[in-house]
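Please keep the sequence and the model in view while reading the points below.

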Amino acid sequence: MKRRFWPAVGLFFLAPLVAEYLLGNLPITALFALVGLAGLYGGGAVLIREFVRRRGWGYPSILVLALAYGVLEEGVTTQSLFNPNYADLRLLDPGHIGFLGMGAPWTLMVLTLHTVWSITVPIVLVEAVSKRPREPWLGKAGLTVMSVLFVLGVVATTAIQLKNDSFVASPAQFAGAALVFFALIGLAARLGSNVSRRGPGGVPAVWLVGLSSLAVTSAFMLVSDLDLPGWPTAAIYVVGWVVASLIVLSWSRREAWTRQHVLALASGALLTYAWHAFPESPVFDASKTVDLIGNAVFAALALILLWFAWRRVAVVTPAAGTTAGTPAVDETIRRDEFSDS
């Protein structure tokens, strides 16, 4: 079957746009940086998505590999997990873990940003608009090109970071990051091969799932803005991660769970980045007016993408013989739930 590579191209550029520009970390005047960032973020997102879909795995594996990507970027490429004065911000001082040379709140926060927003949300959105959401999009040539672009993105980002900051992590820290990276890949494989049956039971309405996602992800971003002591912040992050993961996994193992619910989760998270960009201060210098204009432009583009994604996702309607609160789900949707069970 001929590969449809255009969704991969879309994901290649969407990932950095969400990760840096929609977040408000980079202003619209720094759009030139997209050329370099696409190789890193976009290449990583596409390779993760292709790797998972070729093996018939699901979103849990994507999330774990997205976390592995975060470890690679922040532990090896930018080394922000270990640099005590990264970007002159002293990010590791709160909740500092001396023997690791890391800061608990920063580690949890930045890895969450990559796991949820940099990789998983763009994948969900592009799969929502694709006619072949579960099939590979690239052939061998496309995978080779994407792999080269990703390696170039990693090398370029690392070189720029070292040029701006001479800090280099210790061999033990690099070894620890590598160990975690490969352990996460193994966990993703285990999750992908461990398929359980879906059981009976209802799930919240799609709009309620989306609203819950918006509320939880907004709370996550607000915690990082409150300047709380380090360890209480880390505890909030851990509790939030555990509770949210258990709830979503419970929902996704029920027969009523659909692609719409998955898209609702991604939509809520995307809208959180959109509103949070306005109080965010960009890394590059930009006037307040230019910054606000850029935030508005990217937020509008996010809304357009969501509108298009929701139009493309199949509408679930009750069929004859179904009971109230248990909508009928066609086989295409049934195979595309969060847990892929």
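A residue is called buried when its relative accessible area is under 20%, exposed when that area is over 50%, and partly exposed in between. The model described here is predicted.

**Helix α1**

- Helix α1 spans residues 6-22 and is mostly covered, with twelve of its 17 residues buried.
- Among the buried residues of α1 are Pro7, Ala8, Leu11, Phe12 and Leu14.
- The buried set of α1 also includes Glu20, Tyr21 and Leu22.
- The elements covering these buried residues include α2 (34-54), α4 (104-129) and α5 (140-164), as well as α9 (259-276) and α10 (288-312).

**Aromatic rings**

- Two rings of Phe, Tyr or Trp form a pair if their centres lie within 6.5 Å, and planes under 30 degrees apart make the pair stacked.
- By this rule there are eleven aromatic pairs.
- Trp117 and Tyr273 form a stacked pair, because their ring centres are 4.7 Å apart and their planes stand at 5 degrees.
- This pair links distant parts of the chain, since Trp117 belongs to helix α4 and Tyr273 to helix α9, 156 residues apart.
- Trp117 has a relative accessibility of 1% and therefore counts as buried.
- Tyr273 likewise counts as buried, at 1% relative accessibility.
- Trp117 and Tyr273 belong to a cluster, linked by ring pairs, that also holds Phe220 and Tyr237.

**Charges over rings**

- Arg49 places its charged end over the ring of Trp137, at 3.5 Å from the ring centre.
- Arg53 lies over the face of Tyr59, 4.8 Å from the centre of that ring.

**Leu67**

- Leu67 is part of helix α3, which covers residues 59-77.
- Apart from its neighbours within four places in sequence, Leu67 contacts Leu111, Thr115 and Leu184.
- Leu67 and Leu111 are 44 residues apart in sequence, while their C-alpha atoms are 6.3 Å apart in space.

Note on methods:
Residues are numbered from 1 along each chain as its sequence is written. This is a predicted model: local features need pLDDT of at least 70, side-chain atom pairs count only at pLDDT 80 or more; totals for chains, interfaces and linings use all residues. Side-chain values use heavy atoms; hydrogens and water are left out. Helices (H or I, at least four residues) and strands (E, at least two) are DSSP runs, numbered from the N terminus. Contact means heavy atoms within 4.5 Å. Buried means under 20% relative accessible area, exposed over 50%, partly exposed in between (1.4 Å probe, protein chains only). Rings of Phe, Tyr and Trp (its six-membered ring) pair if their centres lie within 6.5 Å; planes under 30 degrees apart count as stacked, over 60 as edge-to-face and the rest as tilted. A charge sits over a ring if NZ of Lys or CZ of Arg is within 6 Å of the ring centre and within 35 degrees of the ring normal.
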